[in-house]
Number of protein chains: 2
Amino acid sequence: VSGEHQRAGTHDRQGRVDGDLAEREARDQSRVDAVLDDFFRLAKRRAESVGYRYVDLWKVLERNTSGGKRFRPRMVFTTYTAVTTRAAFELLHTALIVHDDVIDRDFSRRGIPNVSGSYRDEATTAGIPTPTAEHRGMSAAVIAGDLALTGASRLLLQVPCDGPVQARLLDLLDEAVFVSAGGEMIDVELSLSDDLPTVDEILAMERAKTAVYSFEAPLQAGAVLAEAPEAVVRALGEFGREVGVAYQVVDDLLGVFGTQSDTGKTTLGDLREGKRTVLVAHAATTDDWFGIRPFIGKADLSEAEAEVVRGRLEACGARRFAEQLVEDHAARALGVLDGPDVGEALRDALAPLVQVVLERVR
Amino acid sequence: VSGEHQRAGTHDRQGRVDGDLAEREARDQSRVDAVLDDFFRLAKRRAESVGYRYVDLWKVLERNTSGGKRFRPRMVFTTYTAVTTRAAFELLHTALIVHDDVIDRDFSRRGIPNVSGSYRDEATTAGIPTPTAEHRGMSAAVIAGDLALTGASRLLLQVPCDGPVQARLLDLLDEAVFVSAGGEMIDVELSLSDDLPTVDEILAMERAKTAVYSFEAPLQAGAVLAEAPEAVVRALGEFGREVGVAYQVVDDLLGVFGTQSDTGKTTLGDLREGKRTVLVAHAATTDDWFGIRPFIGKADLSEAEAEVVRGRLEACGARRFAEQLVEDHAARALGVLDGPDVGEALRDALAPLVQVVLERVR
């Protein structure tokens, strides 16, 4: 059970619903873990016939599949208990973050060495020079991401269901990969462009890069598995998009205003790398921008300087703007649940998730 | 039709069979191209809704899918004309070489910019500094490879066939990805190790990295589609392995002794990068090694020095050893065709392929 979730579980208004959810969630997660354990056990055994060095890669990939926030695949479960589908989306998440880390040249995630980091550190310890060791790390991560990506469709093909249902599930996975790859590409391009993107461009990129595979597709997969009417599948897609975008904007906020204990990462990172966020895009439209711009992307930004930037991002209204975006998208998500297509049980199951997202910044 | 193929078509002994093969091959390839055209047309249209920058990535990926040697997927066709299956293996090939180029930090393939190269060059032209431009190229290639990998299973899912046949096809694709990823990982590790690998280690790596997805799996896919008996599927796997290993050893030979017009790449590359090949592994077991070693991996190796190395690789018997390996594996491949499980029609269709491989070094 993730940190957000525990916090949600103690929240007054939603306490009861979240408590139940937390309990079911813990039970469900252990079943998902069992599916993934089987998947990796089989893979490691198969890998032996290729070579012991290959078994090591699978071990590292396995370590990088557990221990995440596990926010995403949980989505599926609130609508239908398809453990294998959930495990498939968990592996897709692994694939995308492993390759995202290659692209961002990150060697750790939440303070722990990722695939690249594990392979780099092992080489460094063996006396291999850093550039070569880093290259080894990146190479291993490119390969590991491919394996996780293939593993996701593999697991989905094992979901016991009718042909048409399976075809829909595979379509959803395909769409998730297709759109998130597009979001990743656009992210790469935006970060290289001298022109700052608009808020709308940022939101479209974040939706494509993360919201679709983290929220829309898994939620719709749950509905498809439950053989829900098409209107429900559509409504869950809409709900997922709104929650997903809210989630990403929260990430932008926490990346600057969060605390390290909340996020597991330094709150200097986004500023130092000059990450294109809703905060930055909005600030760039204000008169205060000339006092903010010099710090965005300053590789050696100090904590004192970061405090200055934070103050200016508040003063120019960027923080409030982003918080309002979160509220708006959360409200729209709840609006979808109150619409004609979503029954009471589903509404009760999904509404707490909106609260979980909101809790992160309140 | 590839260069090798045209050469084979003019070979005396096999002239007639190869001529027919070449004709059928040209017709079949145009049908495969039509499937891939449809695939990319649809992808580019879908990509528009994500963003125009994403459409560009698909265009570059499409360019990198056509124009290859197309040796691999042709395999499927000699046993069964399943255009879509063949297109799927062609996309798998694209995915693996695109990511292999990322790992090797190559920006071109056969003298033409690959995905990384196209994206790098465009950025360089726009005035972006080389390291940033190269990083853009690598990022685009990581994403493009993921799309081609997903596209391969996507195409395979569209093959019109019965459920059990489709399940077998997907298993073959999965096995191909699994084993080639292992081969790639082992290649990375061997190239970092100070200890030179043995000939057997090189052969096992080359088999895993290339022979399985290029020969074994597509040939078996053809047999599965034709609903051939299990013994035939097994025999084609064995045949594919022998031909595939022979093909890789030929690659090792051409990488040092070939001519640029034959291979489309400089014959200094393998020596300069210190590639672990059968030639090097064998030379290292001889007394002449001390005179060869200084040149292996010498980044600024001259053509004159290369001539010295070539002479020494011949003198120590490494060239003859590798050529003998090719002959041995080719003979074993033909032996499988002469075995009890392969009928006459299949033997006539496949035997010329062994000749094609042998022709490359004769």
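# Reading a two-chain predicted model

Guide: Lys298(A) forms a salt bridge with Glu305(A), with the closest N and O atoms 3.1 Å apart. A salt bridge here is a side-chain nitrogen of Lys or Arg within 4 Å of a carboxyl oxygen of Asp or Glu. This is a predicted model, where local features need pLDDT of at least 70, side-chain atom pairs count only at pLDDT 80 or more, and totals for chains, interfaces and linings use all residues. Residues are numbered from 1 along each chain as its sequence is written, chains are lettered from A in the order in which they are written, and side-chain values use heavy atoms, with hydrogens and water left out.

Visitor: With which other residue does Lys298(A) form a salt bridge?

Guide: Side chains of opposite charge can pair when their charged atoms come close. Asp300(A) forms a salt bridge with Lys298(A), at 3.2 Å between the closest N and O atoms.

Visitor: Is Asp300(A) buried or exposed?

Guide: Buried means under 20% relative accessible area, exposed over 50%, and partly exposed in between (1.4 Å probe, protein chains only). Asp300(A) is exposed, at 56%. Lys298(A) is partly exposed at 24%. Glu305(A) is partly exposed at 22%.

Visitor: How many residue pairs are in polar contact between chain B and chain A?

Guide: A polar contact is a pair of N or O atoms within 3.5 Å; within protein, one must be able to donate a hydrogen and the other to accept it, and residues adjacent in sequence count only if both atoms are side-chain atoms. Between chain B and chain A there are 17 such residue pairs, both residues at pLDDT 80 or more. Helices (H or I, at least four residues) and strands (E, at least two) are DSSP runs, numbered from the N terminus.

Visitor: What does the side chain of Arg136(A) make a polar contact with?

Guide: Its partner is the side chain of Glu189(B), at 2.6 Å. Arg136(A) lies in helix α7 (residues 130-157) of chain A. Arg136(A) counts as buried, at 8% relative accessibility. Not counting residues up to four places away in sequence, Arg136(A) touches residues of both chains, including Tyr119(A), Glu122(A), Val188(B) and Leu192(B).

Visitor: What rotation superposes chain B on chain A?

Guide: Two copies of a chain are related by a rotation about an axis and a shift along it. Here the rotation is 180°, with 0.0 Å of shift along its axis (RMSD 0.0 Å). That is the relation of a two-fold axis. The same surface serves both copies, as 100% of the contact residues of chain B recur in chain A. Copies are superposed by least squares on the C-alpha atoms of residues with pLDDT of at least 70 in both.

Note on methods. Contact = heavy atoms within 4.5 Å.
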